[in-house]
Amino acid sequence: MSEQVNVVSVPVAEPAAARRGSRLNPSLIVGGSIVALIIGAALLSFVWTPYDPTRIDAAARLTSYSGDHWLGTDKFGRDVFSQLLVGARTTLFVGIVAVGIAAVIGTPLGIFAGMGSRWAGEIVMRGNDLLLAFPALLMAIMFAAVYGPSTLTAMAAIGIATVPSFARLARSGTLGVMNTEYVLAARAAGRTRRAIAVRHVLPNISGLVIVQSSVAFAIAILAEAALSFLGFGTRPPTPSWGRMLQESQELLHSAPRLALWPGIAIALAVLGFNLLGDGLRDRFDPRLEVRR
Amino acid sequence: MSQPSPPILSVRDVHRRYRRARTSLFKPPSEVPAVRGVSFDIQPGQRFGLVGESGSGKSTLIRLLAALDHPTSGSIEFEGHRISGQPERRLGFLRERLQVVFQDPMGSLDPRMRVRDIIAEPLVAARKPTPPDRIRELLTAVGLPDDAGDRYPHQFSGGQRQRISIARALSTRPSVVVADEPVSALDVSVRAQILNLLADLADEYSLTLVFVSHDLSVVRHVCDTIAVMHHGELVEMGATTDVYDNPQHSYTRRLVAAVPTLRRALAGVSAAELARAVTAADPEEDEQ
């Protein structure tokens, strides 16, 4: 597949501007902007929040939108906007670590399965299927039961549950790369298996892995929110969008805005990473580029 | 061409069969013979041409010569060392002494590697130092500019890429270069350049050249010895002029007849008449 990238990206006299235009597709722009917004919010929360998000202010309980509290306060008088900002931090942190675990374990596993002997590949992929068949949420709850609920156990559980998707993708990409003539040429040049894996296979499947990371990030955000909502994820008082939702549950009728804003934040984050993944796929996938 | 010196490559009764995918649970999977009992020697300095139509087993045979695949039976020796059936860790000397130029100039260069790293790859694999001068020297030898090393393969044309492949093949100063249809993917206008380059470099570096092609006229241009393959068997072998002027085997006659020559073209021979000539040369055998 990668040699197709080649075929496609050898335009006879295609103007540079036209190529750049085809790379910046709408999904990439919108998704990238949303992700940038969330990252910006998380970074901002390190240096500035309107209030301390964990500060309980009994006098200002459940105030609505106002100049003092832009998005109002919750039942403890904590500032919702500040909580959202710091919650972005938690969300991104969980996503990065979970996807990191999945990519760092899953990608080499997939490459190994694609390059090694048939038996080794079969064993890895069947183990993969086993893990895939196990519901991720159940695994997270199990982790929480054993190690106690925390952000760390949530991240580990989500990460491990995402390993199979990376392994499977990396394997299929590896099988494609192993069939190319440049791998044959590398073998003829005397390259070892490991060198072929690192110098040829990994760079040529990196596009696939990046796309998958973005999509997996969206899933991880959703999983973290669900776990926190169920009380198996981030512990109070650390702000988390999922827990904000849970705490707003009993006040759904009197103060729906408390559920609305974290809900919007979660939806936006998931949408953003999914769009970014789609956009990156268009950019990396040669077959789609040909059609354009 | 038959000097008393020992052959650099020696192929003895080599068979290679591929197993088809199982079609029945009870019958054993059927086998496809790709190479059937081929034997020949290649002398140092020889320019050995291997001709045959697609599916005749040429590509399988060069994979075997480069020890990228191993024969089902028979043996292949390189400089007196057996290379067939040997594990990769014992083929280090071969990887350094024998280099391959592949057919597809698009597919045989890793799109994610700089040209400099592509050319240096055999040296890196052989754990040899790669001074930047060496890359420049190789680029010059194949007629590419010095700054080509910093660029990526997709920035080059087909002919230039094949030059990159050739530079790479020369990097370890090999004694044998195996070229697998090096010009068949190129424009006719570029073919002669690449063929001449290969021939010149073979002289300059005193290389033994194994040249594979389905096109007899291309092989005739470069090689001093021709071996003709047909259905996995070596049907004829000899000096280029002998094979070309006095083909013994019916298949070779058909191949020779299929070569369009200037004289025949000037005489107004159309492609259809050429095809008729081919069948006339071999009326009893009509291949699929």
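**Chain contact and helix packing**

Tutor: The contact takes 21 residues from chain A and 21 from chain B, a contact being a pair of residues whose C-beta atoms, placed from the backbone, lie within 7 Å. This is a predicted model, in which local features need pLDDT of at least 70 and side-chain atom pairs pLDDT 80 or more, while totals for chains, interfaces and linings use all residues. Residues are numbered from 1 along each chain as its sequence is written, and chains are lettered from A and ligands numbered from 1 in the order in which they are written.

Student: What makes helix α9 (residues 193-230) of chain A short of the span of a straight helix?

Tutor: Its 38 residues would reach 56 Å at 1.5 Å a residue, yet its end C-alpha atoms are only 46 Å apart; the expected span is 1.5 Å times one less than the number of residues. α9(A) also bends by about 45° at L202(A), with P203(A) following within four residues. That bend is the angle between axes fitted to the seven residues ending there and the seven starting there. Just after α9(A), G231(A) takes a positive phi of about 90°.

Student: Why are α3(A) and α4(A) called roughly perpendicular?

Tutor: Helix α3 (residues 26-47) and helix α4 (residues 80-115) of chain A pack at about 115°, their axes 7 Å apart. Angles of 65 to 115 degrees count as roughly perpendicular, and α3(A) and α4(A) are therefore described in that way. Their crossing is left-handed. Among the residues making the contact are I38(A) and L44(A) of α3(A) and L85(A) and R89(A) of α4(A). The residues of this contact divide into 9 nonpolar, 1 polar and 1 charged.

Student: How many residues of each class form the contact of α6(A) with α7(A)?

Tutor: The axes of helix α6 (residues 136-147) and helix α7 (residues 151-178) of chain A come within 9 Å and cross at roughly 145°. Residues of α6(A) including M139(A) and F143(A) meet residues of α7(A) including A157(A) and I160(A). This contact has 12 nonpolar, 1 polar and no charged residues.

Key
Helix = DSSP H or I, 4+ residues; strand = E, 2+ residues; numbered from the N terminus. Contact = placed C-beta atoms within 7 Å. Axes fitted to C-alpha atoms, helices over the stretch in contact; angles between N-to-C directions. Parallel < 35°, antiparallel > 145°, perpendicular 65-115°, else oblique. Left-handed = near helix turned anticlockwise from the far one by under 90°. Nonpolar A, V, L, I, M, F, W, Y, C, P; charged D, E, K, R; others polar.
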